[in-house]
Amino acid sequence: MKLCVAALAVSLFCGVFLVMGWGPLLHRVGGTVIYPFQWAFSKIGDGVTGFVQHFEDVDKLQDKIEALERENESLRAEINDAEIMKEEQSWLYGYLSMKQEHEDYAMCAASVIAESGQSGSGNFATVLTLNKGSAHGIEVGMPVVSTLGLVGMVTETGPNQCYVQTLLNTSSSVGALSVTTLDKGLLEGDFACLYEGCATLRYLPENAALTPGDKVITSGQGTVYPYGIPVGTVTEVTVNPYSRTREAKIQPFHDFSDTDEVIILTSYLRYTEGDHIPEEGESS
């Protein structure tokens, strides 16, 4: 009721002003009174519009970010696949090159399915499990190599898997010699340098002249390894304080912290340092 009376009074008031010819004045006064409210409502409207627009922009930005993340993930996957393919091609090239270079080798490619190490070996494997076994013709005593160099020897077989003792294993021993000086010794796994991924070449001649940087290969002596398989590089030459014989620390060419694919030598012609390389058809 009060609102109706107030509205009626305002209407009468405005009507009187209009009859008296004060309409323009009334319009200016009304505009002056109403302007602050119009300005306030306009700003509030702009604020609400901007607030809504802000969230719309945030949603669009979030969509772009998610799209870029999906694209980056896809690109990373493609790069990873390309790197894997590159490694596989590199290994295959090395494998085929070895077959061409050593026609006297009969080879069986194998994948590493498990690795383990002795106490103190850190990330360096001293035993490998391969996915080939007696069903594939694998026997105990067969040498194992990679495209880089010597890995070790098969020590146990099952129907579809075998175990390899790597040259870092403290039970391992390999006849080896320096390519430069022809000094011979016995390469053994050594607790003293196992954590470095190295082995020790022992029982060198008293006048051994090999020096750091010399390349070491298998000597062919014994019944396991053929002559000439790359083994590693001399990093240090010392004198054993107990035996007074010279020893050399050897850094293997093969990285025993990362072994995926290897090659088992199922047969080979046996010859040693100083022998000629057998021709095709010659007996082993």
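Trainee: In which strand does Lys215 lie?

Mentor: This is a predicted model, so keep that in mind throughout. Lys215 lies in strand E9, which covers residues 215-218.

Trainee: Is Lys215 buried, exposed or partly exposed?

Mentor: Look at the relative accessible area. Buried means under 20%, exposed means over 50%, and partly exposed is in between. Lys215 has 38% relative accessibility, so it counts as partly exposed.

Trainee: Which residues does Lys215 contact beyond its sequence neighbours?

Mentor: Set aside the neighbours within four places in sequence. Lys215 is then in contact with Leu177, Ser178, Val179, Pro230, Gly232 and Phe253. Take Gly232 from that list. Lys215 and Gly232 are 17 residues apart along the chain, and their C-alpha atoms are separated by 6.0 Å.

Trainee: What does the whole chain look like in outline?

Mentor: Start with secondary structure. The protein chain has three helices and twelve strands. Then turn to burial: 33% of the 284 residues count as buried. The chain exposes about 17,400 Å², and carbon and sulfur atoms supply 58% of that area.

Trainee: What share of the contacts joins residues 24 or more positions apart?

Mentor: Count the contacts with a separation of 6 or more. Residues 24 or more positions apart account for 56% of them.

Trainee: How should I read a salt bridge?

Mentor: Side chains of opposite charge can pair when their charged atoms come close. In this structure there are five salt bridges.

Trainee: How far apart are the closest N and O atoms of Arg202 and Asp190?

Mentor: They are 3.0 Å apart, and the two residues form a salt bridge. This pair links distant parts of the chain, twelve residues apart. Arg202 is in strand E8 (residues 199-204), and Asp190 is in the loop between strand E7 (184-189) and helix H3 (191-194).

Trainee: Why do Arg202 and Asp190 count as buried?

Mentor: Use the cut-off again: buried means under 20%. Arg202 is buried because its relative accessible area is 16%. Asp190 is buried because its relative accessible area is 12%.

Trainee: Which other residue meets Arg202 in a salt bridge of 3.3 Å?

Mentor: Glu247 does, with 3.3 Å from N to O. Glu247 is in strand E11 and Arg202 in strand E8, 45 residues apart. Glu247 is buried, and so is Arg202. Now widen the view. Glu188, Asp190, Arg202 and Glu247 are linked in a network of salt bridges.

Trainee: Which residue pairs with Lys249?

Mentor: Glu196 forms a salt bridge with Lys249, and the closest N and O atoms are 3.2 Å apart. Lys249 is in strand E11 (residues 246-252), while Glu196 is in the loop between H3 and E8, 53 residues apart. Glu196 has 30% relative accessibility, so it counts as partly exposed.

Trainee: Where is Cys198 found?

Mentor: Cys198 is in the loop between H3 and E8. It is buried, because its relative accessible area is 2%. Leave out residues up to four places away in sequence. Cys198 then touches Leu168, Cys193, Lys249, Ile250, Gln251 and Pro252. Cys198 and Pro252 are 54 residues apart in sequence, yet 6.5 Å apart from C-alpha to C-alpha.

Trainee: Which residues form the negative surface patch?

Mentor: Asp57, Asp59, Asp63, Glu66, Glu69 and Glu73 form it. Take Asp57 as the example. Asp57 lies in helix H2, residues 23-101. Its relative accessibility is 40%, so Asp57 counts as partly exposed.

Note on methods. Residues numbered from 1 in each chain as written. Predicted model: local features only at pLDDT ≥ 70, side-chain atom pairs only at ≥ 80, totals over all residues. Heavy atoms only, no water. Patch = residues over 30% accessible without salt bridge, like charges linked within 9 Å, V, L, I, M, F, W, Y side chains within 5 Å. Areas by Shrake-Rupley, 256 points an atom, 1.4 Å probe, with all protein chains shown as cover. Salt bridge = Lys/Arg side-chain N within 4 Å of Asp/Glu carboxyl O. Lys, Arg positive; Asp, Glu negative; His and termini not counted. Charge placed at Lys NZ, Arg CZ, Asp CG, Glu CD. Helix = DSSP H or I, 4+ residues; strand = E, 2+ residues; numbered from the N terminus. Buried < 20%, exposed > 50% of the residue type's maximum accessible area, 1.4 Å probe, protein only. Contact = heavy atoms within 4.5 Å.
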